[in-house]
Every structure is written in structure tokens, then in C-alpha cells.
Amino acid sequence: MVTQPGRGLHGQAVEELGRRIIRGDYPPGSVVDPVKFETELGVSKTVVREALRVLAAKGLLESKQKRGTTIRPRADWNLLDSDLLRWQGSSAPTDGFLDDLAEVRAIVEPAGARLAAARRTPADLDALRQALDAMAAAGTDADAMVEADLAFHRALLDAAHNELLSRMEVVIEAGLRVRDRIVHGARHFSDSIPVHQDLLDAVEAGDPDAAVAAVESLLAQASHDLAAVQAQDGPGAAHPLPEEAP
């Protein structure tokens, strides 16, 4: 079994089986064998049972008498679950998944920027500045740049002071993390610090229209950089991701 740092056997089993289901190793409607999992993963019956229970709660599978444990239709999956988003974005995300995430960002982030410009507090501005400083300090360190970029966009949503909008962080983070790892891993990207600075300036100035314009410019730049990598890999291809730093 592939181990995940900082996770116990139960967490590792959830990770491995969840990734397999998302990857399509077990198509919807197929019957899975818990005993086989015990052998393949080298874990106990209890660990597998608890892992399957977690995955069932995420809508991935169900167990019924006489039918056993089966993979549920994709329409039943909790696609906004943070683990499912992460599993979909791991390994080699498809263009379709990346496009879906880009569309969600285009809906959520301009609205978040508009509210942030009207509601930001001094603490919010400090968080945005710290994240931008971290981006500048990251240099060519792709992992550091990804984490700083995530922190900036997380701070932007938090600055909107809308609890439900802040919960969209899980989708934004999934989209950003995958996009950033592909683009920065390919070393093919524009300097995004100036447009992030424009966004921070607009939020600090309390100018909602300028904030929306800045975030739309940022998203356009992000889409352009990703499109360059997609064109290089070929249409419809899955995009292998570089390994994350431990």
C-alpha cells in the first residue's frame, strides 16, 4: 500500500481506495471484494471495514445484503468533498476536470473580490499582504509559490466575510493547487505577482469594480498559462503532476 505521511493505516486505506475509485479502477456498478482489499493493502478486516464506511459516507459506494459492496453512480458522489476534489486533481487530472474548476473559480472569485473590497478589515489586508510577500519570496520554488498563492486566495474569500462563500475555499483550493502544480511544474508561466498586487490594491482602496477587474485579469492569465501546457500535452490528455514536497 502506498503510504501517506502523517496518516495511520485507516487513513492510508481511505486514501488508496478512494484514489482507485476516482481513477476508475472500479467502475460504477461493479462489486468490490473487501477481503481482496485486506490482502492487497496488507491491513486488517477492521481497517478495511472502517475505510469502506468512510467512502460510503462520501457517496462512493454502498453495501447491501445479497449484493455486497458496489460502486455507486458518479451522480451520487459528493463531488464537493475535499478528499474527492483532491483525489480527482491528483496524479493526472483531465482537461474536463480542470475546465470545471476554472468555471467555478470564474463564478466565485469575482463575487468574492467585490465583497472583499467592501468588507475587508485591517487583519484581512495584512493576510493578503503576507501571502503576496510569500509569493515574491518563493522565487523559483514551485511548492512555496503554490502554498503562497493558496494563502492569498483563501484570504481573499475570508475578506468577503460570508461564511458560505468562505466554504467555497475547498473548490478554489483544489482548482488552484492542481493548476499551479501543472503550470509551475512545467516552468511555463507568467509573472502573476503584478496582477495579485493590483487585486490587493483594489481591495485595500475599497473599489469593488477594480477588484473584480483585477481578479478577472488574474483568472485570464491563469487560463492562458494552463492552456499553454494543455496544448503542449495534446487535446484531451491527462496531465501528470510533479511530486509534491513531503
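User: How exposed is His 161, judged by its relative accessibility?

Analyst: First, the rule. A residue is buried under 20% relative accessible area, exposed over 50%, and partly exposed in between, using a 1.4 Å probe and protein chains only. At 44% relative accessibility, His 161 counts as partly exposed. Two cautions on the source. This is a predicted model, where local features need pLDDT of at least 70 and side-chain atom pairs count only at pLDDT 80 or more, while totals for chains, interfaces and linings use all residues. Residues are numbered from 1 along each chain as its sequence is written, and side-chain values use heavy atoms, with hydrogens and water left out.

User: Where does His 161 lie?

Analyst: Helices (H or I, at least four residues) and strands (E, at least two) are DSSP runs, numbered from the N terminus. His 161 sits in the loop between H7 and helix H8 (163-166). Its phi is positive, about 55°, although His 161 is not a glycine.

User: Which residue other than glycine has a phi near 75°?

Analyst: That is Lys 66. Lys 66 belongs to the loop between S2 and S3. With a relative accessible area of 91%, Lys 66 is exposed.

User: How many helices and strands are in the protein chain?

Analyst: The protein chain has eleven helices and three strands. Read from the N terminus, the order is α-β-α-α-β-β-α-α-α-α-α-α-α-α. Of the 246 residues, 45% are buried.

User: What is the accessible surface of the protein chain?

Analyst: Such areas come from the Shrake-Rupley method with a 1.4 Å probe; for residues, only the protein chains shown count as cover. Here the total is about 12,200 Å², and 53% of that belongs to carbon and sulfur atoms.

User: What share of the contacts joins residues 24 or more positions apart?

Analyst: Contact means heavy atoms within 4.5 Å. Take the contacts with a separation of 6 or more: residues 24 or more positions apart account for 71% of them.

User: How do I read helix H1?

Analyst: Start with its span. The expected value is 1.5 Å times one less than the number of residues. Helix H1 (residues 9-23) has 15 residues and reaches 21 Å from first C-alpha to last, close to the 21 Å expected. Next, check its cover. Twelve of the 15 residues of H1 are buried, including Val 14, Leu 17 and Ile 22. The buried residues of H1 pack against helix H2 (34-41), helix H3 (45-57), strand S2 (61-64), strand S3 (68-71) and helix H4 (82-89). Just after H1, Gly 24 takes a positive phi of about 95°.

User: Which residues of H2 are buried?

Analyst: In H2 they are Phe 37, Glu 38 and Leu 41. They lie on the same side of H2, because they cover an arc of only 105° around the axis. That arc is taken from the directions from the helix axis to the C-beta atoms. The buried residues of H2 pack against H1, strand S1 (31-32) and H3.

User: What happens at the start of H2?

Analyst: Look for a polar contact. This is a pair of N or O atoms within 3.5 Å; within protein, one must be able to donate a hydrogen and the other to accept it, and residues adjacent in sequence count only if both atoms are side-chain atoms. At the start of H2, a side-chain oxygen of Asp 33 comes to within 3.0 Å of the backbone nitrogen of Val 35. At the start of H4, a side-chain oxygen of Asp 81 comes to within 2.8 Å of the backbone nitrogen of Asp 83.

User: Which residues touch the most other members of the largest nonpolar core?

Analyst: The general idea: in soluble globular proteins, nonpolar side chains tend to be buried together. A nonpolar core is a set of buried Ala, Val, Leu, Ile, Met, Phe, Trp, Tyr and Cys residues joined through side-chain atoms within 4.5 Å. The largest one has 24 residues, and Leu 128, Phe 152, Leu 156, Leu 199, Val 203 and Ala 211 touch the most other members. The elements giving two or more residues to this core are helix H5 (95-119), helix H6 (122-138), helix H7 (142-159), helix H10 (193-205) and helix H11 (208-233). Apart from it lies another core, of 22 residues, among them Val 14, Ile 22, Ala 51 and Leu 60.

User: Is Val 215 buried or exposed?

Analyst: Val 215 is buried, with a relative accessible area of 0%. Val 215 is in helix H11. Leaving out residues up to four places away in sequence, Val 215 touches Glu 109, Pro 110, Ala 113, Leu 156 and Leu 199.
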